[in-house]
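The sequence and the model come first, and the description follows.

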Amino acid sequence: MRTLINNIKTLAGIEYAPKLRLQGKEMSAFNTIDDAWLTVEDGRFAAFGSVADGMPTGTFDQTIDAEGGMVLPSWCDSHTHIVFAGSREREFVDKINGLSYEEIARRGGGILNSADLLHNTSEDELFRQAMQRLDEVIRKGTGCIEIKSGYGLNLEDELKMLRVIQRMKEVSPAKIVSTFLGAHAVARGMTQSDYVKLIIDEMIPEVGRQHLADFIDVFCDRGFFTPEETARMLEAAATWGMRPKIHADELASSGGVEIGVKHGALSVDHLESMTEEEIDILRGSETMPTVLPGTSFFLNMPYGKGRKMIDAGLSVAVASDYNPGSTPSGDMKFVVSLACIKMRLLPNEALNAATINGAYAMGESQNYGSIAKGKVANFFITTPLPSVDFIPYAYTTPIVKKVVLMGKEC
Ligand code: NIG
Ligand code: FE
């Protein structure tokens, strides 16, 4: 199957030299070609070029008219919790009335509230709700996404969540990776140490045996899990081939960055309370620092040090954190705008953070995250736009006109 995409005003996010991630100054180029064409063969990018240099030859089974719009690689959202039941707008009002995230959690709200809702929701209904959210973000341009468990907090309900993600992987044209986040909060009625033991002795082995998760995550933060507990859980998961992606430094500088780097984490995420020493710890590591500006926006909290990390020569990814408590939105275009406005990333840097570096944070950057020969043809076509910078600048303007996943319009 050969497809030609023509009438492209700007083809953006092109990768010329294969790189698994972009670091520091490399992030400032989001390569473009004006008046371009693009071809797809059997679901992968085959070739691209400028019209001035000549159109591609041969016959095509299908032509997609970009109608003078821009073509961008799909967003790669490397941190979400979109399998959840219902919603938590009551806590939204509590927060406006002055309660903190931690106070709400201590009163049995927060994650435990979602765990109760999830327990009382059937697997089919959970799948239906999660697919609706996935469809919503696909329409907004996301084509590669990580989804975590973590609202089960007991073996059966964690497995239920992970089976829902498995079903989503099977039916969706978007690329999905799954993360086991049993250590999201201590289950109601259990002591911290009994719950950590349950995760290590029962949950991790069962998730491993059933091959239900690609990664392991722990909410390593003040009031949740300690670095020592985190290390033990990561070691147990490593024996089942689950690489870490850690929730670190959201509420306080928690030691999560150090533990993550030590255990070869693919990413450490949140980082709102990160210190200078932790920037040093990340230098020279394989770990992708991932900032979640939508969370800072919604919780009215400080933003992660995206600018500082890029200036220090590090890679940075941005992700949505779409979840019912701290970030009820998976709009990656808005995340890119916030990264620019609140973290002072340049538009090109934020776009790279939301595509190629997001793909790296899911272990998928050989196949996703840029327009490059051989990569999976996941991209979106925009309405006509004056420039790439317009994307984060026009921070509420919808721009996605057509979505193409695995080479097919959907
Ligand atoms: O990433 N920080 C921990 N977990 C989520 C929030 C989960 C919730 O409140 O439901 C987060 O922000
Ligand atoms: Fe999260």
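## The shell around ligand 1

Helix 3 (residues 110-119) gives the most to the shell around ligand 1, with 3 residues, where helices are DSSP runs of H or I with at least four residues and strands are DSSP runs of E with at least two, each numbered from the N terminus. The residues that surround ligand 1 are Gly110, Ile111, Ser114, Phe219, His247, Glu250, Thr295, Asp321, Asn323, Pro324, Gly325 and Ser326, a residue being near a molecule if its C-beta atom, placed from the backbone, lies within 6 Å of it. By class, this shell divides into 3 nonpolar, 7 polar and 2 charged residues; Ala, Val, Leu, Ile, Met, Phe, Trp, Tyr, Cys and Pro count as nonpolar, Asp, Glu, Lys and Arg as charged, and the others, Gly among them, as polar.

This is a predicted model, in which local features need pLDDT of at least 70 and side-chain atom pairs count only at pLDDT 80 or more, while totals for chains, interfaces and linings use all residues. Residues are numbered from 1 along each chain as its sequence is written, and chains are lettered from A and ligands numbered from 1 in the order in which they are written.

## Annotated positions

In an unreviewed entry, UniProt lists Arg88, Tyr151, His184, Glu250 and Ser326 under "binding site"; the positions are given in the numbering used here, feature names are shortened, and annotations may be inferred rather than shown by experiment. Glu250 and Ser326 also belong to the residues that surround ligand 1.

Ser326 is placed in the loop between strand 13 (317-318) and helix 12, and it counts as buried because 23 C-beta neighbours lie inside 10 Å, the cut-offs being 20 or more other C-beta atoms within 10 Å for buried, 12 or fewer for exposed, and anything in between for partly exposed, with C-beta atoms placed from the backbone. Leaving aside neighbours within four places in sequence, Ser326 is in contact with Tyr101, Thr295, Phe298, Leu299 and Asp321, where contact requires that the C-beta atoms, placed from the backbone, lie within 7 Å. Tyr151 is found in the loop between strand 7 and helix 5, and with 30 C-beta neighbours inside 10 Å Tyr151 is likewise buried. Not counting residues up to four places away in sequence, Tyr151 touches Phe84, Ile111, Ser114, Ala115, Leu118 and Met161.

## Positive phi angles

Leu153 has a phi near 65°, a positive value in a residue other than glycine. This residue lies in the loop between strand 7 (142-148) and helix 5 (155-171), and Leu153 is buried, with 29 other C-beta atoms within 10 Å.

Arg344, which is not a glycine either, has a positive phi of about 65° and lies in the loop between helix 12 (332-343) and helix 13 (347-353). Arg344 counts as partly exposed, because it has 15 C-beta neighbours inside 10 Å.

The domain assignment gives domain 1 (2-72 + 368-409) and domain 2 (76-360), with bounds that come from an automatic or database assignment. Taken over C-alpha atoms, the centres of the two domains are separated by 29 Å, and 28 residues of domain 1 are in contact with 34 residues of domain 2. On the side of domain 1 that touches domain 2, helix 15 (390-393) and strand 15 (400-405) are the elements that give two or more residues, and strand 15 gives the most, with 3 residues. The residues of this side divide into 17 nonpolar, 7 polar and 4 charged.

Definitions and conventions: Two residues are in contact if their C-beta atoms, placed from the backbone, lie within 7 Å.
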